[in-house]
Structures are given as C-alpha cells and as structure tokens.
Amino acid sequence: MAMAALRREGRRILLSPTVPNPSPAAASAAVTRSSAISQPCTPLGARSISTQVVRNRMKSVKNIQKITKAMKMVAASKLRAVQTRTENSRGLWQPFTALLGDTPSVDVKKNVIVAITSDKGLCGGINSTSVKVSRALHKLTSGPEKESKYVILGEKGKVQLVRDSRNSIEMTVTELQKNPINYTQIAVLADDILKNVEYDALRVIFNKFHSVILFKPTMVTILSPEVAEKESEAGGKMGDLDSYEIEGGETKSEILQNLAEFQFSCVLYNGALENACSELGARMSAMDSSSRNAGDMLDRLTLTYNRTRQASITTELIEIISGASALEG
Amino acid sequence: MLRHAARRLVSRTAAAPTARRALATAEVPAEAAEDSTFVEAWKKVAPNIEPPTTPLSLMQPRPPTPATIPTKLTVNFVLPYKSEIANKEVDMVIVPATTGQMGVLPGHVATIAELKPGVLSVHEGNDVTKYFVSSGFAFVHANSIADIVAVEAVPVDQIDPALVQKGLADFTAKLGSASTDLEKAEAQIGVDVHSALNAALTG
C-alpha cells in the first residue's frame, strides 16, 4: 500500500516537468489493448502500469462466462422436455400430406405467409433464417395479380419484418411460449388467424428440428378448400382427391373447409413445437460458443495481467537497485 | 463465430450425425423431383438462399394401390401428443363418423370421413381395442391404409362413469339456462359428448 502511494507520488513528480506526457490511464489502456504484444516500457516516464483495468475486465468476462454456461444448461434441460413432445407430434401432419399431397408451387392470388419465430433472443441465427426465407417467399409469390401477406408468430420475427414490410403484415402474435405449447392454445390461435385473414394458400414457415445442431427451414403449404377443389379438378398431383368419397356433412365443400382448418391447426402445432425445439438447440450452441470465447478471452487477459504485473515489479526492482548502487558508488 | 462452433461441435460428435445422414439419404428419392418447379422458381428469386424443405421430402412415401385387395388394413391413429397406433396391420376398424359407425375393411373405397364423439374400435383377430375419440378426421386410402387423426382419445376402460353422469347433468342444466347462442352451442356440445361417453360405457 505504501509502495503504491510512493509509486503514485513518483509518477506525479516525474510527469509534471515533461511536456508531452501520456496520461497514466492512456498508457495502461494502451498496454491492455495491445494484449497480444507486451510493451513493458511505456514512453516518457509513466512508470507503473495499473493492473486495475485488466482485473476489472477479467471479472466481467468471468461473470459473462458463468451466465452463458447457466443459460446453456437451462436450454438443454428445457430441450429434453420439448423434444419428446415434438417427436410425438410428428405423426400429426403426415396423414394430411398423404391425402392432399404438397403443392408448394401452386399459383394463387392470395398468399398468406405464417412465419413462426421465437420471442426471446440469444438463439443464434434461426430467426434471421426464417425471416430471410419468408422475405424470399414474399418476393416469389407477389406479382401483378397476386399478393402475399404476413402473419407473424413471435417477437423476433415481428421486429425484423416490421422494418421493411410493415404494410404487408396482417397480424402478429407474441408470447406464444408463456405456457408450454399445447394443442388447445394452438387450435384457438389457428381459429383466430383463419377468421381474420383471407387466404387462398397458407404457407407455414418454421425451423424443423433435425438434431441439436441441425435445424432446417421448412415450408408447409395449405390450400383453401376452393383452391383445393380447383386443383383436384385440374388433375395432376391432387387429382386423386376427387376419387375419395365424402362421408358425413351436407356438402363436400363443408367437409373440405373443416379439413383445411383442421390441417392448419395440426401443422401449426407441429411447427410451433419444432420451432421451439430448434430455438432451444440454437440457444444451446450459441451459449456454448459464447462461454468458450469468454474462456479464451479470460486466458488472454490473464496472460496480459501477469505480464503487466511482472513488468511493474521488475521496474520497481530496477529503480531500487539502481538507486542503491548510485548511493554506494 | 457460430459456424466455427458448429464445425467444432460436429467434429466432436462425428459418429452420430453421419449415421443420421446415412438414414436421411434413404428418404430423398423421387419426392425431390416433384418440387422442382418450386425449387427453380425459388432459385430465380433468391439464388443465395437454400429453398425450404417441404413435407413430402420428410415423410416416407406411401405404397401404391395394389392390384388385388390386401388381407390386412394398415392403421395409423395419431393424436396431437402421441401416435397411438403407427402402421399396425389389423383386420377391421370401426370409426364413429358423423353419419354413424362406419366399418372399414381392407379394400374399402377411398373415403374422407369427419368424426363425431364416439367409440373407435380396432379389431385384430380376436382382440378388440376400444377408444373414445372426441372428434377428428378419418382418411381411408385406396391402398388399404387408414389414417385417423383425432384431437383427444382415451381407452374406454379409463373413463369414470360417475364423472360422466355428473358432466351430463351439468351440461343439460347449462343448456336449459343458456341465453346467448354461443352458450347454447357450448352446452349442446357438452351434452353431445357426455351422452356419447355414456353410450360408450354402456354399449
């Protein structure tokens, strides 16, 4: 403590006569900035470098590392729970695709793009990927007589799409994952969307969870009953639909209407679960790389700190020894 | 930064992804060709972004219609929270369609049936498994595959008769005292479901 005070006094006395004097703060900052190369001798007499700045930096980086490690573990435990439910729900949309096929290249007047994104951030690039795909799809499906609108589920997608496509956004839904996702909630949501939005074709975009490190943007197309009838009459992939007999209900169109609505809610349920899984997996890997980076940064800072500390000790020793030798001889 | 991390994670778990990749390539075959118009249109609009995958490439292709009627019916019974029956070969299923109980045998004509609350029974040899389904859809395809999608289903032996009677009484009372159309509709649905539950328990 006394040594530190003497050091400080020495610095003040030395600095006042010298005109172009770098401030000690600047000198220490310069030292910490050049962390890769050590510069023990600072110019123009600023003697001992403060290690305080480096120490503060190390403390904050260590805290960040702890936080990101904790976030990764939380995401991992949540992922385990959601993953089982997602895998169980994967059978839900398959009967519809087996019956109606999938016609992504269908040409219709009113397209509605339903993009499922997350509410929270720090989950890597999955939301940006979904938004990029949605934007490209919007470009693909807009034209002279066609138009396409967005329905956005999730805060992150809304924030990104509001910037340039504010007029094309029909409705947004946030706080999807406040309670664990269940079918009733999604069914009500699907009902809401279908009531408020006119559509010929609905395209649901979400990130499908293949594994903890692999998520692929996936698009499911759902046709409105009128378009489905038109496509089945035109033949081609949906031509088989006509060959199916309809049981129950008064008219075929009523059944097809119910079918389309049911298909939408099932697809939305599976999509929301898959997206939730992908979000958690992406967060795990993002937080993992974050903690690893923080660890690397901490190592580098520790080296700088030690170098700085040793340099200042060496300088002190040199002063003392040269002072002592000056006294003797 | 994330790409590096991803590469590092992949190299660490090198065995698992390659095994999964090997399985994945088996499913790709003919389905990819069907989306070619979409992929081409996509490439024109957004050449740098990979087109999204579509459901056809993610499911197993269904077998074509056989020439002779097969002996068994393949049943898939799915609920939102699980796949109750997956690709099981049975003799017959009886589904509660809105027009009444409909029996489905192998070689049944292709049908789309909307379901009402009722009992679904699966007959396999001498075993009969009965489920009470709330509602949903049943698709019977020409290749003797039946897909049943329901919102909620319980095995009949797990239904509590006392609760059914109580529910029926409650909803009948609500139906009597309902004022708005919405309340009437909700109470009517409650009565329908509980009477069907009652019938399921007795029948």
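Predicted model: local features only at pLDDT ≥ 70, side-chain atom pairs only at ≥ 80, totals over all residues.
**Exercise 1. An inventory of both chains**

Task: How many helices and strands are in chain B, and how many does chain A have?

Solution: Start with the assignment. Helices (H or I, at least four residues) and strands (E, at least two) are DSSP runs, numbered from the N terminus.

- Chain B holds 6 helices and 10 strands.
- Chain A holds 9 helices and 6 strands.

Next, burial. Buried means under 20% relative accessible area, exposed over 50%, and partly exposed in between, with a 1.4 Å probe and protein chains only.

- Of the 203 residues in chain B, 38% are buried.
- Of the 329 residues in chain A, 45% are buried.

Last, surface. Accessible areas come from the Shrake-Rupley method with a 1.4 Å probe; for residues, only the protein chains shown count as cover.

- Chain B exposes about 11100 Å², with 60% supplied by carbon and sulfur atoms.
- Chain A exposes about 16300 Å², with 55% belonging to carbon and sulfur atoms.

**Exercise 2. Two helices against helix 9 of chain A**

Task: At what angle do the axes of helix 3 and helix 9 of chain A cross, and at what angle do helix 7 and helix 9 of chain A pack?

Solution: First, the method. Axes are lines fitted to C-alpha atoms, for helices over the stretch in contact, and angles run from 0 to 180 degrees between N-to-C directions. Angles under 35 degrees count as roughly parallel, over 145 as roughly antiparallel, 65 to 115 as roughly perpendicular and the rest as oblique.

Step one: helix 3 (residues 52–89) and helix 9 (residues 252–328) of chain A. Their axes come within 7 Å and cross at roughly 160°. Helix 3 of chain A is therefore roughly antiparallel to helix 9 of chain A. The crossing is left-handed. That term means the near helix is turned anticlockwise from the far one by less than a right angle; clockwise gives right-handed. By class, this contact has 20 nonpolar, 11 polar and 10 charged residues. Ala, Val, Leu, Ile, Met, Phe, Trp, Tyr, Cys and Pro count as nonpolar, Asp, Glu, Lys and Arg as charged, and the others, Gly among them, as polar.

Step two: helix 7 (residues 183–196) of chain A. The angle to helix 9 of chain A is about 125°, with the axes 9 Å apart. The pair is therefore oblique. Helix 7 of chain A passes helix 9 of chain A in a right-handed crossing. Residues of helix 7 including Tyr183(A), Ile186(A) and Leu194(A) meet residues of helix 9 including Phe262(A), Phe264(A) and Tyr269(A). The contact has 13 nonpolar, 1 polar and 1 charged residues.

**Exercise 3. A residue inside helix 9 of chain A**

Task: Is Ser291(A) buried or exposed?

Solution: Ser291(A) sits in helix 9 of chain A. Its relative accessible area is 8%, so Ser291(A) is buried. Beyond neighbours within four places in sequence, Ser291(A) contacts Gln65(A), Thr68(A) and Lys69(A).

**Exercise 4. One loop of chain B**

Task: Which residues contact His141(B), leaving aside its neighbours within four places in sequence?

Solution: His141(B) lies in the loop between strand 8 and strand 9 of chain B. His141(B) is buried, at 5% relative accessibility. Its contacts in chain A are Ala98(A), Leu99(A) and Tyr244(A); those in chain B are Arg62(B), His108(B), Ala110(B) and Asp147(B).

Ser144(B) belongs to the loop between strand 8 (136–140) and strand 9 (145–150) of chain B. Ser144(B) is buried too, at 3%. Its phi is positive, about 60°, although Ser144(B) is not a glycine. Most residues other than glycine have a negative phi.

Methods: Residues numbered from 1 in each chain as written. Chains lettered and ligands numbered in written order. Heavy atoms only, no water. Contact = heavy atoms within 4.5 Å.
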